Amino acid sequence: MGKKLYTKENISKAETERLGIPELVVLKTNSDDVGLEVVHRRYFEDEKLLCPACRSSKTRCSKIVDRKLRDLLWLDEDHKTFQIISLLFHQRYMRCDNCGQSVFPEPTEFGEKGCKFTNRLSDALADGTFQFSYKKVCQHYGVPASTASVGEVMRRRIQYRESLLPPIRTPHIISIVEVVFFGEFYPAVLGIWDGEVYCLDILRDSSEETCGAFLKTLDANQVETIYVDPVDSLFNAVNQYFPMASIVVTDEAIQRYARNAMLDIIHSDGKRFPVVHKDRRLTVLHKDLDDRTVIPRIKEGMKSRPRLQRAYNHHQRLLELMETKWSMEDLRTWADQIPAEVDEFLAVGDIIDIFGEQLSGFLTLGEKPPNNYQFAVQGICDAIKDMPHCIFDVMRGRCIFSITHDTMEENGELWRYGIKSSRLTEKINEISANIREERDYGYQ
């Protein structure tokens, strides 16, 4: 298809203007009014593409590959009405005569490599997927909902939204909590300002490299205290980047790990337990039950479940202990008395043994976590755990880039605190409801 096939006279100026993609021109060879054949603008120019291997300009067209894409045309300024069109892009592949080995496609900016959508259609799909299911958004635009494309669609938009965020103002107190999402662990980095808990980001994994890549963006001189989950890689990362900070494991972490162990026991031994909302009611202090009428039902259910009864009693002792002025000796005694058949709690005992120094450091802190800290962390963990299944990029996008961040101005520069925990959990629950209830997306 070199220059022998088309000249500038074959360009449809009206359709090119309607398409509105600066790097593309529309040809007059359209077979219908909903599909456009396009080539790159440089097709009609003398520009020589440089070989990516040797940087030589001795390149020529070697072959043409027809690439089919879907595109989006907005029909009004408010972006409420639209038209989906098909593009047939005649993409040239160039051969380098200098090195003789390189064959490469002409570079483009209107669509990602391998994606069947133009960037502006991808961006519209991604913007909707921050709040609704990808399938529902694709149905709204009338395009196929391929699971293979959702990653590329979301990652591009996430990078854009991330670029718009002001830099993080480093908090004096940082918390790194592992949240569980469909069996995988993802560290949520939290900051504490004026007694409020804010979410800064959710990381892809708990490796030292991933955690360190985020931590090095913060000002180490500003960080005084770090609450870290009892995970070796997380502890090593914070110790490397913040060697002068107080690094501690909090009582909240002990209670959360114990609660997770208790939930495992409930799910294995508490099937058909005669209590509604048993996960919540069997993991709070007996005296704090919101409905006292469930107490007889709990006692009745425990009669035929001896292992669950022993686990429940031992978990209650830990919760009672955490309400007192406890010591490391108290924790070790509780761990030593874990019933032999309740091995789910042994992981908590290991934490007490291995991270004893960090737990002791928590006890000697001058400034303890705010009163709402445990509630905020549990709310975030539960909200993310209950989200419908999706890939990590979608989960992170919905949690971090679809919710307003708190900001402040200092010396003429805008900084962000992160997302307030109450707003984060409320928004995550709303997004989850949009997806589970299959609420309609878009303008009806």
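Me: Which residue stands opposite proline 105 in β5?
Reply: That is tyrosine 93, which stands opposite proline 105 of β5, and since this is a predicted model, please read everything below as a description of a prediction.

Me: How do β4 and β5 run, and how many bridges join them?
Reply: Strand β5, which covers residues 103–105, is joined to β4 by three bridges, and the two run antiparallel.

Me: What sits between those two strands?
Reply: There are six residues between β4 and β5, which together form a hairpin, and in its turn glycine 100 has a positive phi of about 70 degrees.

Me: In which sense does β4 pair with β3, and with β2?
Reply: With β3, residues 59–74, the pairing is antiparallel and extends over 15 bridges, and leucine 69 has leucine 87 of β4 as its bridge partner. With β2, residues 35–40, strand β4 (residues 82–96) pairs in the parallel sense over four bridges, and here the bridge partner of valine 38 is phenylalanine 89 in β4.

Me: New topic: what is the order of the strands in the seven-stranded open sheet?
Reply: The order is β10-β9-β6-β7-β8-β12-β11, and the pairing in this open sheet is mixed.

Me: Why is one side of β10 and of β11 left without a neighbour in the sheet?
Reply: Because β10 (246–248) and β11 (406–410) stand at the edges, each has a single partner strand, and so one side of each has no neighbour in the sheet. Neighbouring strands of this sheet are turned against each other by 35 degrees on average, with direction ignored.

Me: How is β10 joined to β9?
Reply: Strand β9, residues 225–228, runs parallel to β10 and is joined to it by three bridges, with isoleucine 226 standing opposite isoleucine 247 in β10.

Me: And how many bridges join β11 to β12?
Reply: Five bridges join β11 to β12, and these strands run antiparallel, with aspartate 406 opposite glycine 418 of β12. They form a hairpin with two residues between them, and asparagine 411 in the turn has a positive phi of about 55 degrees.

Me: Which helix lies across β8, β11 and β12?
Reply: Helix α16, residues 421–436, lies across these three strands and runs at about 60 degrees to β12.

Me: Which residues of α5 are buried?
Reply: In helix α5, which covers residues 208–215, the buried ones are Cys211, Gly212, Phe214 and Leu215. They are on the same side of α5, because they cover an arc of only 160 degrees around the axis. What covers them includes the strands β6 (173–181), β7 (184–193) and β8 (196–202), as well as the helix α6 (232–241).

Me: What about α6, which residues are buried there and what covers them?
Reply: Ser233, Leu234, Phe235, Ala237 and Val238 are buried in α6, and the elements that cover them include β6, β7, α5, β9, β10 and α13.

Me: Last topic: at what angle do α2 and α4 pack?
Reply: Helix α2 (residues 119–129) packs against helix α4 (residues 147–164) at an angle of about 80 degrees, with the axes 8 Å apart, which means that α2 is roughly perpendicular to α4. Among the residues that make the contact are Asn119, Ser122 and Leu125 of α2 and Val153, Met154 and Arg161 of α4.

Me: Which domain does UniProt list for residues 199–345?
Reply: The unreviewed UniProt entry lists "Transposase IS204/IS1001/IS1096/IS1165 DDE" for residues 199–345, and over that stretch the chain is 52% helix and 7% strand, with the end C-alpha atoms 29 Å apart.

Definitions and conventions
Residues numbered from 1 in each chain as written. Predicted model: local features only at pLDDT ≥ 70, side-chain atom pairs only at ≥ 80, totals over all residues. Heavy atoms only, no water. UniProt positions renumbered as here; feature names shortened; annotations may be inferred. Pairing = 2+ DSSP bridges. Buried < 20%, exposed > 50% of the residue type's maximum accessible area, 1.4 Å probe, protein only. Arc of directions from axis to C-beta. Contact = heavy atoms within 4.5 Å. Axes fitted to C-alpha atoms, helices over the stretch in contact; angles between N-to-C directions. Parallel < 35°, antiparallel > 145°, perpendicular 65-115°, else oblique.
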